There are 2 protein chains.
Amino acid sequence: MMNNAPDVYAQHPKISVAVDCVIFGYEEDELKLLLYPRRFEPNKGEWSIMGGFVRHDESMDVTVKRVLKQTVNLENIYMEQVRAYSEPDRDPGGRVISMAYYALIRIDEHDKELVDEKGGKWWPITNHPEMIFDHSQMVSDALEKLQNKATFNLIGEELLPKLFTLTQLNSLYNAIFQREFNPGNFRKKLATLDVLEKLKKKDTQSSKRGAFFYRFKKGKTNTQYERIVKI
Amino acid sequence: MMNNAPDVYAQHPKISVAVDCVIFGYEEDELKLLLYPRRFEPNKGEWSIMGGFVRHDESMDVTVKRVLKQTVNLENIYMEQVRAYSEPDRDPGGRVISMAYYALIRIDEHDKELVDEKGGKWWPITNHPEMIFDHSQMVSDALEKLQNKATFNLIGEELLPKLFTLTQLNSLYNAIFQREFNPGNFRKKLATLDVLEKLKKKDTQSSKRGAFFYRFKKGKTNTQYERIVKI
DNA sequence: GCAAAAGTGTTACCGGTACACCCATGT
DNA sequence: ACATGGGTGTACCGGTAACACTTTTGC
């Protein structure tokens, strides 16, 4: 396409390149991921994460954005590269190199009808089915990346409602790391970070006393390098 | 090639896929990287890291191994994926998606003649020339990855001689992080890790008293999850 | 009053840091 | 003897973990 001369590039093999995106959401105190039944052979009907092929005019980031738009009808999603999977025989249907990503979305904001239409289903990270090819590996690598991210940045903005309580944030961290952080110590740690803004309003959904709502301070998002939890 | 039926895969674009490898070495108390003058247009003669195209029957790891064999004539090299670079216009010569890797080698063990032949040159990480395309970005991303690795694993086995002193290891860490770690505290930290084996022999090259040689314990390599240095 | 979740206070401990100091040896 | 790098000891400080305790409110 861009070649206009006898070209060293032209003699090299070309390969189908895809992205596969682990879509994480948070609901009912659980970290969940969105899986789809594969729509064509090979392995038709088995569970997989959503993916798409990289087009000639797209960077991989753009491909993922397009896939997310088509999948959950959301834009401006937080996402991150996980790693590339390139074993020649990883996909029995043909030679495809795939770059895994993970994305964080608010489950309550996504397009449920669109997901239903394509047979998508949210699964708890602690209890999901086996997936095609190396997708199970992608999921576990993505979770590891997410945990790493959550260690050095206070995440939650992309997964929680815009207003949330410290208890909810605590529960999110419990779900991500699959362990219980001490509520007292967790909120003391948060207090040192200067990323959250306390509001006057209270959430009375889950307690009689009510818990103050918080939100992320503008401009502080994803700019922290604090260590949130110990490894 | 593997297609044998009307195939959904066949309709998708195919793209040239390359790997580019940041080769790190350690010499004269400095972390260095190996750069080459590009051998063809566009940007012929400008500095670049070594790369190669992924063949149909190769995983990316295998491609890197092949490139390293051809470049420095070494095998069984420690290497790690950095990230993918996929902007459509990143390479003015054509559409190429590149996966960046870094590799760690012992400078004194590599094939200097082979490197010379191709115009390769070792540059200190603190003072290297501008590179083609996004290679400068690859180098800085690779260094960040290496620092991250060195934070949670005691590295050195791949960069230092088989026998080394704690002072040398200290200097390596200084070079990687571009700061001075306190020698007393550094060696106390090492003592808690149970990865190094103290030998009876002493190195008398750089001091009158002599410093004990150490080596990495078998089986402990790259299996540590300790935090070596604070971020 | 009591249960239940929100939120605070107290204390002990561990690990990092800074830095002073001792050790061994060639010249 | 003294300079030089190797190596050890110590004292302080801050963050973390464990956990007891108080607050608020609906029932």
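Predicted model: local features only at pLDDT ≥ 70, side-chain atom pairs only at ≥ 80, totals over all residues.
Residues are numbered from 1 along each chain as its sequence is written, chains are lettered from A and ligands numbered from 1 in the order in which they are written, and side-chain values use heavy atoms, with hydrogens and water left out.

Of the atoms of DNA strand C within 4 Å of the protein, 67% belong to sugar or phosphate. The rest belong to bases. An N or O atom in the side chain of A:Arg209 is 2.4 Å from a base nitrogen of DNA strand C. B:Lys188 also faces a base nitrogen of DNA strand C, with a polar side-chain atom 3.4 Å away. B:Lys189 instead places a side-chain N or O atom 3.0 Å from a phosphate oxygen of DNA strand C. Two or more residues of the surface near DNA strand C come from each of H5 and strand S9 (211-216) of chain A, and from H5 of chain B. Helices (H or I, at least four residues) and strands (E, at least two) are DSSP runs, numbered from the N terminus. By class, the surface near DNA strand C holds two nonpolar, seven polar and nine charged residues. Here Ala, Val, Leu, Ile, Met, Phe, Trp, Tyr, Cys and Pro count as nonpolar, Asp, Glu, Lys and Arg as charged, and the others, Gly among them, as polar.

DNA strand D was treated next. There are 17 residues around DNA strand D. A:Asn185, A:Lys208, A:Arg209, B:Lys188 and B:Arg209 come nearest. Sugar or phosphate accounts for 59% of the atoms of DNA strand D within 4 Å of the protein, and bases for the rest. A:Arg209 has a polar side-chain atom 2.4 Å from a base oxygen of DNA strand D. Phosphate oxygens of DNA strand D lie 3.2 Å from a polar side-chain atom of A:Lys189 and 3.1 Å from one of B:Thr167. Helix H5 (183-191) of chain A gives two or more residues to the surface near DNA strand D, as do helix H5 (183-191) and strand S9 (211-216) of chain B. That surface comprises two nonpolar, seven polar and eight charged residues.

The two protein chains also meet. In the interface, 40 residues of chain B are in contact (heavy atoms within 4.5 Å) with 39 residues of chain A. The area buried between chain B and chain A is about 3,500 Å². Buried area is the accessible area (1.4 Å probe) that two parts lose on being put together, summed over both. Carbon and sulfur atoms give 60% of the buried area. Polar contacts link 11 residue pairs between chain B and chain A, both residues at pLDDT 80 or more. On the side of chain B that touches chain A, strand S1 (14-27), strand S5 (78-85) and strand S6 (96-104) each supply at least two residues. The largest share, four residues, comes from S1(B). By class, this side of chain B has 19 nonpolar, nine polar and 12 charged residues.

Strand S1 (residues 14-27) of chain A pairs with S1(B) in the antiparallel sense over three bridges. Pairing requires that DSSP find at least two bridges between two strands. A:Ser16 stands opposite B:Lys14 in S1(B).

Chain A contains five helices and nine strands. Its C-alpha atoms fill a box of roughly 70 × 40 × 30 Å, taken along the principal axes. The peptide bond from A:Glu41 to A:Pro42 is cis, with omega near -5°. A:Pro42 lies in the loop between strand S2 (30-37) and strand S3 (47-48) of chain A. In chain B, the bond from B:Glu41 to B:Pro42 is cis, with omega near -5°. B:Asp29, although not a glycine, has a positive phi of about 60°. B:Asp29 sits in the loop between S1 and S2 of chain B.

Note on methods
Near = heavy atom within 4 Å. Polar contact = N/O pair within 3.5 Å; in protein donor to acceptor, adjacent residues only side chain to side chain.
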